[in-house]
Amino acid sequence: MNKEMIICILLFLVGQSMVWFQLNGQFLWPVFKKYEPLIILSGIPITWVFLVATRYGFSAFNGLLWPQRFLAFVGGMIIFTLFTWLFKGEGISAKTFVCLALSISILFIQILWKS
């Protein structure tokens with residue numbers, strides 16, 4: 001795993017974290033409903049994080065787009081699972097655990113399978 005891939009993964013995790021708060025904060029904290037226009041504007045820096053992550057991923061995967069799309073998806077699954085448990089207290093059912101395990105296997109396939 002090279003430096004560009006590590007940066008790509010970290011940025012996707014940061015972006016997915018920001019998205020989780022942007023979309024789900026309204027159900028946890030009243031201030032998110034009160035300042036909805038600011039929450040909407042937070043989409044601008046979120047988009048920038050994903051743009052930069054995609055740029056690093058494009059370079060890390062030698063000009064391929066699919067691997068980084070899967071990294072973004074898996075990062076989103078991991079962040080959603082973790083944050084929903086931490087901030088909302090929702091547990092993980094057997095079905096959700098299996099889906100999460102499958103998504104993590106996608107991550108390993110994309111990173112480790114050299115074609």
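Mentor: Gladly, and let's settle a term before anything else: contact means heavy atoms within 4.5 Å. This is a predicted model, in which local features need pLDDT of at least 70, side-chain atom pairs count only at pLDDT 80 or more, and totals for chains, interfaces and linings use all residues. Residues are numbered from 1 along each chain as its sequence is written, and side-chain values use heavy atoms, with hydrogens and water left out.

Trainee: Which helices do the buried residues of α4 pack against?

Mentor: Helices here are DSSP runs (H or I, at least four residues), numbered from the N terminus. Buried means under 20% relative accessible area, with a 1.4 Å probe and protein chains only. In α4 the buried residues are G43, I46, V49, F50, V52, A53, G57 and A60. Their packing partners are α1, α3 (36-41) and α5.

Trainee: How far apart are the end C-alpha atoms of α4?

Mentor: The expected span of a helix is 1.5 Å times one less than its number of residues. Helix α4 (residues 43-60) has 18 residues, so it should span 26 Å. The model agrees with that, as its end C-alpha atoms are apart by 25 Å.

Trainee: How are α1 and α4 oriented to each other?

Mentor: Axes are lines fitted to C-alpha atoms over the stretch in contact, and angles run from 0 to 180 degrees between N-to-C directions. For α1 and α4 the angle is about 155°, with the axes 8 Å apart. Angles over 145 degrees count as roughly antiparallel, under 35 as roughly parallel, 65 to 115 as roughly perpendicular and the rest as oblique. The two helices, α1 and α4, are therefore roughly antiparallel.

Trainee: And which word describes α1 relative to α5?

Mentor: Helix α1 (residues 3-24) and helix α5 (residues 66-88) pack at about 50°, with their axes 8 Å apart. That angle makes α1, relative to α5, oblique.

Trainee: Is Q16 buried or exposed?

Mentor: Q16 is found in helix α1. Leaving aside neighbours within four places in sequence, Q16 is in contact with F50, A72, G75, G76 and I79. Its relative accessibility is 16%, so Q16 counts as buried.

Trainee: Last one: what phi does N62 take?

Mentor: Look just after α4, where N62 sits. Its phi is positive, at about 55°.

Definitions and conventions: Buried < 20%, exposed > 50% of the residue type's maximum accessible area, 1.4 Å probe, protein only.
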